Amino acid sequence: MNKQLEALRAELNYDKTNRCVQCGYCLPACPTYQTMGKETHSPRGRINLVKMVGEGRITDLSVLEEPLDLCLGCRACETVCPSGVEYGAILEAARTAIVRRKKFTVPQKALRKVLFKKVFPSRKMMNLAGNALWLYEKSGVQKLARKSGLMNKLPANLGKFEAIVPPAVSPAERSALPRRVPAKGEKKCTAAFFLGCVMDAMFQRINELSIQLLAEVGCEVVVVENQTCCGALHAHAGEKDDSKQLAKRNIEAFERYDVDFIVNNAGGCGAMLVEYDHLLADEPEWAERARRFVQKTRDISQVLAQCGGVKGKEGPYERITYQRSCHMSNVQKVTAEPVQLLQSLPNVELVEMKEATMCCGSAGIYNIVNYDASMEILDRKMKNVKDTKAVTVITTNPGCLLQMKLGIERENLSGQMRAVHLVEFLAERSGLAQEQILKK
Amino acid sequence: MKTMTEAQINEVRQIIRTGKVLTEESDRFSYSFDASFGTYLPDAVIQTKSVEELAELVKFANREKVPVYPRGHSTCLSGGPLPVKGGMVIDLSVMDDVLIIDPEDLIAIVSPGVRTADIHKAAEAKGLMYPPDPSSSNVSTIGGNLAENSGGPRGLKYGVTKDYVIGLEVITPQGEIIRTGGRTVKNVTGYDLTKLIVGSEGTLGIITKAILRLIPKPPATETVMAIFDDLVDAGRAISQILTSGILPSKMELMDKATMQAVENYQPSGLPTDAEAMILLELDGHPIAIRDEAEQVFRVCKEVGAREVRIPQTQKEKEDMWKARKLVSPAIVRIKPTKISEDATVPRSKIPEMCRRLQQIKEKYNIHLVVFGHVGDGNLHPNIVADKSDKEEMKRVEMAVAEIFEAAVELGGTLSGEHGIGTMKAPFMEMELGEVGLDMMKRIKQAWDPNNIMNPGKIFPEPGQKLVLTE
């Protein structure tokens with residue numbers, strides 16, 4: 001074998017592709033195989049394409065581009081795989097290899113640079129985006145824009161998302177997050193709270209309620225300074241070096257505090273955080289620190305359940321269904337706790353939908369860059385949601401939450417059905433949500 | 001290298017008006033494999049729900065002598081759908097829209113792309129059962145099951161796919177649409193073409209519809225697990241049970257190496273110091289099978305089982321079968337390349353076959369585990385190896401050849417349920433003899449004189465040998 005091919009094999013994680021025996025057990029679990037109907041968009045098909053590049057049978061890497069771009073990265077295939085193929089690792093290595101060779105157009109390059117290097121990693125920039133959102137809503141520009149139909153003419157279907165973006169929090173409230181919140185009653189544990197960039201900018205209220213719920217069950221909460229974006233969006237887009245930088249910044253920020261857990265409330269972020277040890281495995285000075293970080297990382301549902309659960313008050317009957325975060329199920333492997341928390345609430349009936357574990361099509365920024373493919377997946381999902389006759393759809397990740405809101409809009413069901421984050425729902429049913437948001 | 005010209009592809013596009021003709025490099029590579037060995041590039045992949053379009057396509061293929069390969073979800077373990085001579089792969093998994101259960105005639109009418117598990121579900125919803133249950137039934141299409149005549153663990157009591165097919169719609173290699181059999185269980189009108197097509201591995205035509213026989217679903221099941229310190233005792237227990245008037249619906253065997261692999265992978269409470277374990281399922285009326293379970297318990301104890309367990313709760317029962325399901329993922333943790341064989345012997349020869357397998361394992365110094373549907377003699381000797389180790393793979397090739405020889409010598413067969421395909425073609429004459437194989441060839445030549453229908457399968461090319469290295 002020549003040197004060049006050998007280097008390419010190492011770059012592509014070729015050895016991992018050999019674990020795939022092409023049994024096809026992943027086909028029914030793959031949302032894109034189900035909606036697009038060809039092997040080119042199936043997990044084993046994609047793995048085979050990477051393998052063929054590693055064997056020199058495909059020499060032009062651009063052949064891989066579309067099949068890999070259209071992968072949601074939900075990793076449902078890993079959960080059903082009987083051979084333990086590390087699909088996520090294969091996908092990310094191949095995407096990184098493609099990005100390395102790809103000649104982006106000048107505007108594409110500029111946009112990627114701004115988004116990945118400036119906006120997501122910077123709290124200040126994300127705050128600014130959050131503030132702009134607030135101003136946009138409150139100023140009346142939103143109404144005008146909706147009326148004029150301008151939103152539908154926005155490029156790349158961004159207009160479709162406008163209706164589902166949550167009410168923004170004012171700049172004054174946004175900067176009011178407390179540094180440390182004591183546990184109510186007997187203290188059971190201490191948790192450092194991971195804010196997340198999108199959660200912090202768009203769903204700050206959910207972050208506040210998360211902190212409040214944690215305190216309520218007996219957890220002292222610390223909001224760590226200098227934390228940053230988890231790096232998931234970078235890793236999925238093939239910008240691995242950027243995600244490594246962000247991982248290191250987070251590890252540094254969180255290891256200054258002596259806590260039992262590092263808690264997040266976004267399935268996608270959590271999945272990135274629990275893989276920091278893989279991400280930094282080949283950097284000796286970081287591997288051990290990453291491992292310690294991962295050991296403490298938990299989804300909020302795990303900590304709430306561990307502390308004895310959230311006490312629900314008697315409330316009106318509500319039929320709900322639960323749209324799982326793929327990354328929470330398939331990467332973090334957190335599946336039992338959210339269901340356990342929901343089922344403990346009085347007068348709440350959880351009705352599972354058909355294909356409950358299948359992705360909603362949100363997948364980071366997939367629904368923006370692959371709009372049509374994403375909507376086909378969403379429409380299939382909404383059919384299953386509607387069949388449950390639930391009025392509330394529970395989610396555990398900001399992307400899924402937005403996507404489900406969009407699904408409800410598309411089906412013209414706003415007013416009859418709503419999508420909320422698990423934390424919002426728990427806060428509501430335990431009587432916390434009516435209370436004023438945390439004071440300083 | 002392409003076997004089709006640009007003009008031919010254009011003509012195909014004219015024929016397939018409502019479907020898709022995939023010719024991108026990424027698509028061609030994505031239909032170049034199955035779950036066995038080898039990569040073969042087709043020139044085009046055809047997807048259409050229209051039987052008429054497909055028939056027209058086959059007429060064109062026959063005229064132009066372009067090979068066609070019917071394909072389902074490509075879970076095949078013997079190379080059945082591989083486009084070994086280029087040409088067109090016909091992806092029949094898209095033909096998934098007919099699934100009718102007729103409780104009055106006790107039949108199901110299905111199109112070839114319907115997944116086997118969906119037939120199970122639809123039948124069960126009406127209190128009926130479609131018994132064949134290959135392990136891949138969640139993924140595999142019924143079309144693939146029919147072409148390969150798939151089996152599964154329930155084969156012992158209920159038989160295999162061919163025992164449940166009473167009618168077919170088939171596109172012949174000349175592009176004509178014919179119907180064989182019908183909706184009745186009894187049908188002796190002329191040659192039984194239905195049975196000829198089932199298991200012909202796509203070499204005689206494309207199945208576009210099937211009529212399947214259903215039976216009432218047994219109301220209850222019981223499970224018994226028996227652990228043995230000696231493989232021969234386990235073999236004796238199996239034949240004692242089967243001669244005592246009891247016919248279990250499933251009877252699975254795990255040897256020591258298999259149990260150890262499962263326990264290393266995910267501890268499931270299996271005894272790693274025992275030589276063998278039998279797991280069996282009885283189905284039928286709840287009171288009757290309770291009685292049978294106790295009878296099985298006594299038989300196993302009498303022949304010297306170390307321990308016999310009858311699970312008392314649903315959870316216990318599920319845990320036992322879960323341990324069986326973990327076998328496949330567990331053994332690929334030892335080494336990544338799995339060669340799954342399905343040589344089958346008469347029931348009475350199971351202990352002897354187990355002994356031979358042990359000798360082969362030692363002779364070639366390979367990782368071989370034995371587990372399988374032991375009640376019907378369909379042992380699954382699985383070899384795990386590393387395909388990047390060429391020297392090891394050579395030893396595996398020799399071991400596989402010897403497994404086949406042992407099975408045939410004991411009055412068994414090369415393949416119980418996976419099919420011949422490309423993998424076992426070189427051994428056909430050993431089992432069938434020269435004339436026997438020639439009679440099959442004559443049938444093939446009569447049906448498909450231009451050899452366009454799934455060429456390169458079943459019949460060995462001159463000098464063809466088993467090759468597991470690429």
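The model is predicted, and local features are reported only at pLDDT of at least 70 and side-chain atom pairs only at pLDDT 80 or more, whereas totals for chains, interfaces and linings use all residues. Residues are numbered from 1 along each chain as its sequence is written, with chains lettered from A and ligands numbered from 1 in the order in which they are written.

The contact between them takes 27 residues from domain 3 of chain A and 23 residues from domain 4 of chain A, two residues being in contact if their C-beta atoms, placed from the backbone, lie within 7 Å. On the domain 3 side, at least two residues each are supplied by helix H14 (197–202), helix H15 (204–216), helix H16 (232–236), helix H18 (267–273) and helix H21 (300–306) of chain A. Helices (H or I, at least four residues) and strands (E, at least two) are DSSP runs, numbered from the N terminus. By class, that side of domain 3 of chain A divides into 16 nonpolar, nine polar and two charged residues. Here Ala, Val, Leu, Ile, Met, Phe, Trp, Tyr, Cys and Pro count as nonpolar, Asp, Glu, Lys and Arg as charged, and the others, Gly among them, as polar.

Chain A also holds an open sheet of five strands, in the order E1-E3-E2-E4-E5 and with mixed pairing. Strand E1 (180–181) and E5 of chain A stand at the edges with a single partner strand each, so one side of each has no neighbour in the sheet. Two strands are taken to pair if DSSP finds at least two bridges between them. Strand E2 (residues 189–193) and strand E3 (residues 219–223) of chain A pair in the parallel sense over five bridges, and Phe193(A) has Val223(A) in E3(A) as its bridge partner. E2(A) also runs parallel to E4(A), to which three bridges join it; there, Ala192(A) is partnered by Ile262(A) in E4(A). E4(A) and E5(A) are likewise parallel and joined by three bridges, with Asn264(A) opposite Asp299(A) in E5(A).

In helix H20 (residues 284–296) of chain A, the buried residues are Trp286(A), Ala290(A) and Phe293(A). They lie on the same side of H20(A) because they cover an arc of only 60° around the axis, an arc being that of the directions from the helix axis to the C-beta atoms. Pro284(A), Glu288(A) and Gln295(A), on the other side of H20(A), are exposed. A residue is buried if 20 or more other C-beta atoms lie within 10 Å of its own, exposed if 12 or fewer, and partly exposed in between, with C-beta atoms placed from the backbone.

Turning to chain B, its secondary structure comes to 15 helices and 18 strands. The radius of gyration of chain B is 23 Å, close to the 23 Å that the globule rule gives for 470 residues, so chain B is as compact as a globular protein of that length. This radius is taken over C-alpha atoms, and the rule is 2.2 Å times the number of residues to the power 0.38. The C-alpha trace of chain B spans about 70 × 60 × 40 Å along its principal axes, and 50% of the 470 residues count as buried.

One of the buried residues is Val58(B), with 27 other C-beta atoms within 10 Å. Val58(B) is found in helix H3 (residues 51–64) of chain B. Apart from neighbours within four places in sequence, Val58(B) is in contact with Val68(B), Ile171(B), Pro173(B), Gly175(B) and Ile206(B).

Finally, the two chains meet. In this interface, 23 residues of chain B are in contact with 24 residues of chain A. Helix H2 (25–30) and helix H12 (327–331) of chain B are the elements giving two or more residues to the chain B side, and H2(B) provides the largest share, five residues. By class, the chain B side has 10 nonpolar, eight polar and five charged residues.
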